[in-house]
Amino acid sequence: MMEKEEEVDGNQRAGQEGTMDLPLPDPGPVKEDVLSFSCDQCDKETVHKIAQLLNPGLAGACVDNTTGLFRGPATVAVLIRKEMVDYITPRSETFVAETMAQGDGNADPAEEASDDPADIVSDIVDEFARSKRNFFSRVSAWILSDSREDKIDDFVQEMETNAFWPMDRREVIAETLLRNVDFKNAYHCSMKFESEQQLAEHRDSCGFRIAECTNDGCRVKFSAAHREKHDAECPFKILPCEQKCPESIMRREMDRHCITVCPMKLMNCPFYQIGCQSAFPQCTLEKHCEEFLHSHLLYVLQVIHKQEASEEEMEQRAQLLEKSECQKELSEALDVRSLTMAVKEQEAKMKKLERDLSIAS
């Protein structure tokens, strides 16, 4: 009996030892994430846009938190600024995921959620500001009042003047917020590299690297990927005149140039008030008056003689004036007054000549 038990125990041990001796598959070396060098460059324009949201959000939270109390928003600004940063930073990490999870299961949540980081951060900032409203702010009509907006604007101005929260510090926070909410990686670089050298080489060609405008007078900085966009709207860019005059004008001066000094500015004919409906570039005024002398003469003759002569007689007088020695003087008359005086003077000479001829005959 003891022998059988020893035999069973021996078999069990042998089985266990055999099992332990089975060769296990070699998992190979543990693969670590070697892409440890990340590009941290962001769309600077969007970062600045987000940074600009922070002061108004803070001002709104401070004003609503102190409304109806015997203290001003400045008394809580330092504390609420810290609370705001502590709230919006982790909230930005979860906001997109929560928004997508709450979306309709039949639709693509990423398409329903706004992909503009500034819009997302604005929602988060508003969410924080609402949480800081005191009892008076919640139960009164204060939230919808104009005086509230005025008080917020005033406090924003006060903070800007006193450099309470400088733009460069807000932009540091804004970069973090942008990376957290930019779920499509459209506004920041998400590239990773194995070495610092690879990262340095990438930075020189990264679409989000900082670029400067080359137009004289412009100090704007932007992401390199937006160079064409900026160039298409830069107010300092020199452009050919929109009205095709020979001059090149700064974009921001173009409208003023075109409506004031541009020689190609359209103008109504100086004889518009008596019948000529033409419009042309002002630099072609002399050419127009020369080419349309006959019609201008008819308009002036109708004013001078009114109902005293028929259309046929007017036509004959106009033809005579065009063939007279003063034809050049008439074509150089560039307005109603000067042409009227020239016509009257020439008609007086013609009448005198007719009288002299009749006396001589």
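In this predicted model, Ala163 counts as partly exposed, because its relative accessibility of 46% falls between the limits of 20% and 50%. Ala163 is located in the loop that joins α7 and α8, and its backbone adopts a positive phi of about 50° although the residue is not a glycine. A second case is found at Asn185, which is likewise not a glycine and has a positive phi of about 55°. Asn185 belongs to the loop between α8 and β2 (192-193), and with a relative accessible area of 39% it is partly exposed. Such values deserve mention, because most residues other than glycine have a negative phi.

The protein averages a pLDDT of 83, and 84% of the residues score at least 70. Among the elements of the protein, the highest mean pLDDT, 96, belongs to strand β5 (residues 238-240), whereas the lowest, 42, belongs to helix α1 (residues 2-21). Over residues 1-32 the pLDDT is below 50, and this stretch has zero contacts in the model beyond near neighbours in sequence. Where pLDDT is low, the predicted coordinates should not be read in detail.

The largest nonpolar core comprises 35 residues, of which Leu54 and Met84 touch the most other members. At least two residues of this core are supplied by each of α2 (44-66), α3 (77-101), α5, α7 (146-161) and α8 (167-181), and the largest share, nine residues, comes from α2. When neighbours within four places in sequence are left aside, Met84 is in contact with Leu54, Gly57, Leu58, Val125, Phe128 and Trp165. Apart from this core lies another, of 23 residues, with Cys326, Leu330, Ala333 and Ala342 among them. In soluble globular proteins, nonpolar side chains tend to be buried together.

Asp116 is placed in the loop between α4 (109-112) and α5 (117-131). Its relative accessibility is 17%, and Asp116 therefore counts as buried, the limit being under 20%. A polar atom of the Asp116 side chain lies 2.9 Å from the backbone nitrogen of Ala118. Not counting residues up to four places away in sequence, Asp116 touches Lys49 and Tyr187.

By contrast in accessibility, Gln197 is exposed, with a relative accessible area of 56%. This residue is part of helix α9 (residues 196-203). Although Gln197 and Phe37 are 160 residues apart in sequence, the distance between their C-alpha atoms is 9.4 Å.

Helix α14 (residues 311-323) contains 13 residues and reaches 19 Å from its first C-alpha to its last, close to the 18 Å expected at 1.5 Å a residue. Within α14, Met314, Ala318 and Leu321 are buried. Seen down the axis of α14, the buried residues fall within an arc of 65°, so they line one face of the helix. On the other side of α14, Glu312 and Lys323 are exposed. An α-helix has 3.6 residues a turn, so residues three or four places apart point the same way.

How values were computed: Residues numbered from 1 in each chain as written. Predicted model: local features only at pLDDT ≥ 70, side-chain atom pairs only at ≥ 80, totals over all residues. Heavy atoms only, no water. Helix = DSSP H or I, 4+ residues; strand = E, 2+ residues; numbered from the N terminus. Buried < 20%, exposed > 50% of the residue type's maximum accessible area, 1.4 Å probe, protein only. Polar contact = N/O pair within 3.5 Å; in protein donor to acceptor, adjacent residues only side chain to side chain. Contact = heavy atoms within 4.5 Å. Core = buried A, V, L, I, M, F, W, Y, C linked by side-chain atoms within 4.5 Å. Expected span 1.5 Å × (residues − 1). Arc of directions from axis to C-beta. pLDDT = per-residue confidence, 0-100.
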